[in-house]
Amino acid sequence: MNNLLELKNISAAYEKQTVLRNINLSVSTNDFIGIIGPNGGGKTTLLKLILELINPTSGEIKKHPKLNIGYLPQVLDIDKKFPITVEEVILSGRFTTNSWWKKATKTNKTKCKELIEFVGLTEKTNQPIGELSGGQMQRVLLCRALMSQPNLLILDEPNTYVDKAFEQDLYKLLHELNQNMAIILVSHDVGTISSLVKTIACVNGSLHHHKANTITNEILESYNCPIEIISHGIIPHRVLKNH
Amino acid sequence: MNELLDFLNYSFAQNALIAAILTSVIASIVGAYIVARRSVFISGGITHASFGGMGIAYYYGFPPIVGAVIFAVLSAVGIEWSSKKAYLREDSAIAILWSLGMAIGILFIFLTPGYSPNLMSFLFGDILTVTLTEIYFLIALTVIIGIGLYLFYEPILYTAFDPEFSKITKLPVQKIKYVIGAIIAITIVLSIKVMGIILVLSLFTIPPSAANLFVKKFNQIINWSIAISIVGSLLGLIIAFKLDIPTGASIIFSLAICYIILHISKLALRSKKSLI
């Protein structure tokens with residue numbers, strides 16, 4: 001299994017406004033792709049296409065029959081007052097590979113326990129999610145994404161709203177996971193992402209996949225990714241050139 | 001006490017008791033779901049829209065409960081559908097349905113020639129006139145909801161918690177939502193007999209909210225909520241009988257008192273803990 005996913009000449013639109021135009025992207029085993037781009041540039045749309053939440057207006061998405069996606073949404077999208085426990089949230093990740101009407105098996109529960117241990121939240125297993133910090137919630141969502149043993153892990157802005165201490169742990173974790181699965185990471189934080197990922201895709205209406213993890217000033221400017229917007233006012237290219 | 005026991009010899013009183021208990025069970029289960037999903041307002045819309053169906057059924061001589069169920073289910077599915085398509089903002093869609101349903105109901109009851117049914121019993125409920133047929137409906141619904149919840153507990157919980165992620169994991173989110181929407185609608189209509197259109201929402205919201213003070217797991221909320229609701233409803237019935245006041249209002253009062261007592265005891269427990 002080499003090519004997990006291939007997007008060919010994909011365009012996507014909301015109502016009548018085209019958000020993505022003629023995009024090509026292929027994802028192979030052990031890839032670690034960082035997706036950057038300005039707000040409104042189509043990062044979320046790209047994820048939704050891959051996750052089959054929306055259909056492209058044109059083009060073709062080829063998927064490997066064994067493609068199994070684990071998804072980590074933005075923490076802010078979660079209703080933290082919902083009456084559900086850590087264990088329940090993580091077990092909900094199993095349906096990608098299990099039939100929807102089947103109850104959790106012993107194997108599922110063992111897997112869940114391992115994952116909770118892996119992220120160091122064992123004592124929180126039966127706690128409601130309302131009692132978790134942002135970083136802990138992030139880890140629970142990561143476990144949920146890993147529950148069905150995916151071969152492609154997709155993370156949407158995992159470094160927002162997370163404490164700095166956990167951010168480093170998260171990156172170490174992702175580096176480990178990358179030995180066994182491809183990872184796509186969407187981020188607005190160009191600085192942290194470039195040291196972590198293997199390649200960078202810049203999305204701004206169109207998509208340009210650079211087969212390296214250094215972001216040069218030239219890349220950003222020539223492919224129409226205004227760095228002021230991505231970097232929220234910092235000047236990242238000066239820092240990034242050093243990588 | 002003796003007169004209470006004498007009172008229970010009447011079949012209408014026994015029916016009222018059984019109806020109160022069954023309604024407590026189904027309203028607690030459905031209520032826990034509604035509260036968790038933050039769709040209390042939608043449920044209010046469904047409740048009031050069902051009055052339109054009652055009015056039309058009366059006018060054409062069908063059993064009003066049939067008209068109410070049809071209207072309630074259609075509006076539940078309609079709200080789910082219209083919010084998905086996003087033609088209309090959800091809260092506006094609900095408000096329109098809410099008042100339109102009431103208007104249709106009032107109009108058709110006004111137009112019904114001859115004997116006009118007692119509006120008050122629709123609006124405020126009349127548990128003492130529950131019929132045996134309605135008890136059978138309640139039993140059937142309780143069984144269906146119980147089995148459904150047992151079999152599909154996790155898919156129900158997960159689609160309510162995070163529908164987008166559930167879609168990604170290939171849970172049949174939309175189908176589950178439509179089925180639950182229909183169940184909510186039918187539960188509301190059957191509970192209207194006990195509490196009336198205006199008061200029924202409290203039966204769905206007070207017990208789960210009270211339960212949520214102490215437990216944070218969905219299935220625990222359901223269990224506690226059922227217990228609180230049964231105690232509150234029976235207490236309400238007894239008070240209504242003793243003081244000769246309307247049952248619906250009396251049940252709400254006793255549920256609210258249960259909530260306040262539980263809330264105070266929670267605060268007391270917490271301050272005791274912090275002292276230690």
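Student: Which residues of helix 7 of chain B are buried?
Tutor: In this predicted model, the buried residues of helix 7 of chain B are Leu138(B), Leu141(B), Pro155(B), Leu157(B), Tyr158(B), Thr159(B), Ala160(B) and Phe161(B).

Student: And what do those buried residues pack against?
Tutor: Within chain B, they pack against helix 2 (11-36), helix 8, helix 9 (173-195) and helix 11, and they also pack against helix 2 (86-91) of chain A.

Student: Where is the kink in helix 7 of chain B?
Tutor: The kink lies at Phe152(B), shortly before the proline Pro155(B), and amounts to about 85°. As for the length, helix 7 of chain B spans only 38 Å between its end C-alpha atoms, whereas a straight helix of 30 residues would span 44 Å at 1.5 Å a residue.

Student: Back to chain A, then: how many residues are in contact across the two chains?
Tutor: On the chain B side there are 20 residues, and these are in contact with 18 residues of chain A. Helix 7 (132-161), helix 8 (163-168) and helix 11 (218-243) are the elements of chain B that each give two or more residues to that side, and helix 7 of chain B gives the most, with five residues.

Student: What's the side of chain B that touches chain A like by class?
Tutor: By class, that side of chain B has 12 nonpolar residues, six charged residues and two polar residues.

Student: How many helices and strands does chain B have overall?
Tutor: Chain B has 12 helices and zero strands. Its radius of gyration is 19 Å, close to the 19 Å that the globule rule gives for 276 residues, so chain B is as compact as a globular protein of that length. The C-alpha trace of chain B spans about 65 × 55 × 30 Å along its principal axes, and buried residues make up 46% of the 276 residues.

Student: What about helix 10 of chain B, mostly covered or mostly open?
Tutor: Helix 10 (residues 200-212) of chain B is mostly covered, with 12 of its 13 residues buried; among them are Val200(B), Phe204(B), Ile206(B) and the prolines Pro207(B) and Pro208(B).

Student: Switching to chain A, which way do the residues of strand 5 point?
Tutor: Ile69(A) and Tyr71(A) point one way from strand 5 (residues 69-72) of chain A, while Gly70(A) and Leu72(A) point the other way, and all are buried. In general, side chains in a regular strand alternate between the two faces of the sheet.

Student: Which strand does strand 5 of chain A run parallel to?
Tutor: Strand 5 of chain A runs parallel to strand 6 (residues 152-156) of chain A, and four bridges join them; in strand 6 of chain A, Leu155(A) is the bridge partner of Leu72(A).

Student: In what sense do strand 8 and strand 9 of chain A pair?
Tutor: Strand 8 (residues 199-204) and strand 9 (residues 206-210) of chain A pair in the antiparallel sense over five bridges, with Ala201(A) opposite His209(A) in strand 9 of chain A. One residue lies between the strands of this hairpin, where Gly205(A) takes a positive phi near 80°.

Technical notes: Residues numbered from 1 in each chain as written. Chains lettered and ligands numbered in written order. Predicted model: local features only at pLDDT ≥ 70, side-chain atom pairs only at ≥ 80, totals over all residues. Contact = placed C-beta atoms within 7 Å. Nonpolar A, V, L, I, M, F, W, Y, C, P; charged D, E, K, R; others polar. Rg over C-alpha atoms; globule rule 2.2 N^0.38 Å. Buried ≥ 20, exposed ≤ 12 C-beta atoms within 10 Å, placed from the backbone. Pairing = 2+ DSSP bridges. Expected span 1.5 Å × (residues − 1). Bend = angle between axes of the 7 residues up to and from the residue.
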